[in-house]
Amino acid sequence: MKYKLLNFARQLALMLLVIWTVVSLVTLLIEVVPGDPATVILGETATQEQIENFRAKHALDRPAFFVSYTGEEGFTWNGMENRYAEYWTGLLQGDLGRSFQTDRPVADMIFERYPSTIKLAIAAMLVAIGIALPLGVLAGSRKNSLVDNAASFFALMGISLPTFVIGPFLVYIFAVKLDWFSPTGSLYPEDIILPAVTLGAALSAILTRMVRSSVIEELGEDYVRTARAKGVSERKVLYKHVLKNGLIPVVTILGLQLGVLLAGAIITEKIFNWQGLGLLLLEDGIGKRDYRLVQGCVLVISVTFILANSLTDFVYRKLDPRIRLN
Amino acid sequence: MSRLAYIGFIIAGLFILAAIFAPLIATHDVTAQDLAMRYIPPSVEHWFGTDGLGRDVFSRVIYGARISLEVGITVVIVSSIFGTIIGAIAGFYGGFVDKFLSGYVFNVFLAFPGLLLAIALVAFLGAGQGKLIAALCVIGWVGYARVMRGQVLKVREYDYVLAARALGASNLRILFTHILPNAVQPLIVQASLGMAGAVLSEASLSFLGLGIPPPAPSWGTMIEEARQFFSSSPHVLLFPGIAIAMTVLAFNFIGDGLREYLDPKQRTR
């Protein structure tokens with residue numbers, strides 16, 4: 001028990017360390033913008049006074065970090081009056097700064113839109129698992145059969161066809177021709193189906209391949225031969241022995257793919273005009289050069305991903321005793 | 001090797017040849033606009049038809065192969081070499097080294113989903129092929145490192161590795177002659193998926209307007225431009241879409257074929 005608690009504390013410390021690094025990297029990003037963000041946002045025609053006001057309001061007139069370096073003076077200590085410290089102080093109070101464009105708190109803008117992205121990602125993951133698990137097991141246990149070839153073909157299509165090709169085709173067939181769903185937007189509950197299938201298609205393909213190759217690989221292991229030699233039924237071998245071990249890499253992939261889904265949602269949201277975080281990042285953030293908003297969106301998606309990753313690691317350890325014992 | 005793998009090699013080879021000899025194959029200037037010839041369906045003059053600015057889609061698809069493969073190959077080579085080395089070190093040495101690398105460094109890089117980091121970098125730095133390749137490499141290596149580490153962790157517990165150690169083999173010898181050859185297969189699958197992934201990422205960013213800037217004929221940009229008029233002129237979206245799918249498919253076939261070929265346990269069964 002004591003060991004478990006210690007282990008948990010270590011995991012937590014590591015997670016906080018990673019979050020600290022990500023925040024620092026994201027804060028650094030705004031420093032690499034070529035030119036002065038104030039001039040970029042306000043345009044060339046802005047007066048000196050407007051620029052100075054803008055810079056003061058968004059803390060751009062303070063030094064970026066605790067220490068700055070110039071060729072003439074060398075290293076200078078800036079004290080606590082720096083943007084990095086201020087960003088952290090705000091962050092610990094749930095403040096992600098104010099938008100350069102709308103002057104609204106970035107946190108408000110993000111959390112208005114985040115639920116619809118999470119909803120979309122979860123729906124896509126469910127679509128993917130629902131397709132991949134049965135298909136992958138079926139294909140792997142009947143290697144080179146008709147089912148296997150059909151599953152492989154489906155998986156290859158899903159992996160090869162990009163979201164932005166699948167999406168317009170689905171819209172064309174199910175919205176324009178059959179008129180079952182609206183082509184864009186999220187007015188009705190069923191409007192999530194087309195975006196979820198579009199976003200989940202690639203993941204379902206990757207998962208099908210993973211499950212299939214896992215099942216095939218595990219079926220070649222010695223313990224399967226032992227089980228068969230003992231007279232265990234093929235069904236029990238497959239579901240009790242093979243699937244249990246075969247799912248380990250699948251769980252890892254699922255955890256890793258959550259972030260891919262959240263990032264990939266940007267494309268799906270653009271195709272379906274789905275008002276989520278991706279569209280906010282793309283249109284309001286990058287499109288209007290609202291760097292503070294971009295910073296916030298990247299940070300929120302990354303932190304979500306870190307939490308999912310830690311959870312994956314936890315489950316992975318639970319599932320494979322060989323790794324836990326190390 | 002399986003028939004599909006040969007098909008993969010042939011398709012990939014054709015795209016590579018198309019990329020190399022694009023100036024000889026293309027029938028029209030890729031940037032030449034002809035507004036009188038907008039959205040012409042496929043014909044003898046324009047094999048794949050024309051786009052919204054009257055440009056020849058066939059020539060643009062051929063030149064698009066150049067951009068895609070250049071980005072894909074560079075990203076796979078750089079990130080696989082780097083990732084394999086780091087992953088092997090993490091998995092083999094374990095302990096503090098592994099904790100630092102897989103627990104800290106990997107997590108930091110994995111904390112940014114590839115596409116998101118690329119989007120963030122492009123948003124702050126500005127678009128361009130060089131920056132795009134750099135961003136995809138920075139993120140790409142972690143996948144190889146994770147696969148490699150996982151394989152090393154698995155393989156190093158096997159009896160023959162313990163036997164080699166008992167015989168007094170050095171760490172480096174065990175790593176190179178016993179562990180690496182056994183871990184190489186999933187890396188090849190990862191590399192084939194990585195190539196496909198890089199091609200997709202480039203197209204995705206270009207589709208979002210954040211990759212290779214127009215008028216360069218990136219497949220992603222072509223699809224974005226064609227999307228609005230998809231129901232009336234599907235060919236403008238269809239051909240670059242098929243090109244992306246074929247390229248990705250080809251590298252998947254190659255990866256699968258090599259995997260089965262290299263794994264005797266699967267081949268004999």
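**Figure 1. Chain B of the predicted model, from its N terminus onward.** Read from the N terminus, the elements of chain B follow the order α-α-α-α-α-α-α-α-α-α-α, and the count for this chain is 11 helices and 0 strands. The model shown here and in the other views is a predicted one. Along the principal axes, the C-alpha atoms of chain B occupy a box of roughly 80 × 45 × 30 Å, and 50% of the 269 residues of this chain count as buried. When contacts in chain B are taken between residues at least 6 apart in sequence, 69% of them link residues at least 24 apart.

**Figure 2. Chain A, its elements and its overall dimensions.** Chain A has a secondary structure of 13 helices and 2 strands. Its radius of gyration is 25 Å, whereas the globule rule gives 20 Å for 326 residues, and chain A is therefore more spread out than a compact globule. The box filled by the C-alpha atoms of chain A, taken along the principal axes, is roughly 85 × 60 × 35 Å. Of the 326 residues in chain A, 39% count as buried, and among its contacts between residues at least 6 apart in sequence, 67% join residues at least 24 apart.

**Figure 3. The contact between chain A and chain B.** Chain A brings 43 residues to this contact and chain B brings 39 residues. On the side of chain A that touches chain B, at least two residues each are supplied by α1 (2-29), α6 (146-160), α7 (163-177), α10 (234-272), α11 (277-286), α12 (291-319) and α13 (321-325) of chain A. The largest share of that side, 9 residues, belongs to α10(A). By residue class, the side of chain A that touches chain B is made up of 33 nonpolar, 8 polar and 2 charged residues.

Figure 4. As general background, nonpolar side chains in soluble globular proteins tend to be buried together.

Notes: Residues numbered from 1 in each chain as written. Chains lettered and ligands numbered in written order. Predicted model: local features only at pLDDT ≥ 70, side-chain atom pairs only at ≥ 80, totals over all residues. Contact = placed C-beta atoms within 7 Å. Helix = DSSP H or I, 4+ residues; strand = E, 2+ residues; numbered from the N terminus. Nonpolar A, V, L, I, M, F, W, Y, C, P; charged D, E, K, R; others polar. Rg over C-alpha atoms; globule rule 2.2 N^0.38 Å. Buried ≥ 20, exposed ≤ 12 C-beta atoms within 10 Å, placed from the backbone.
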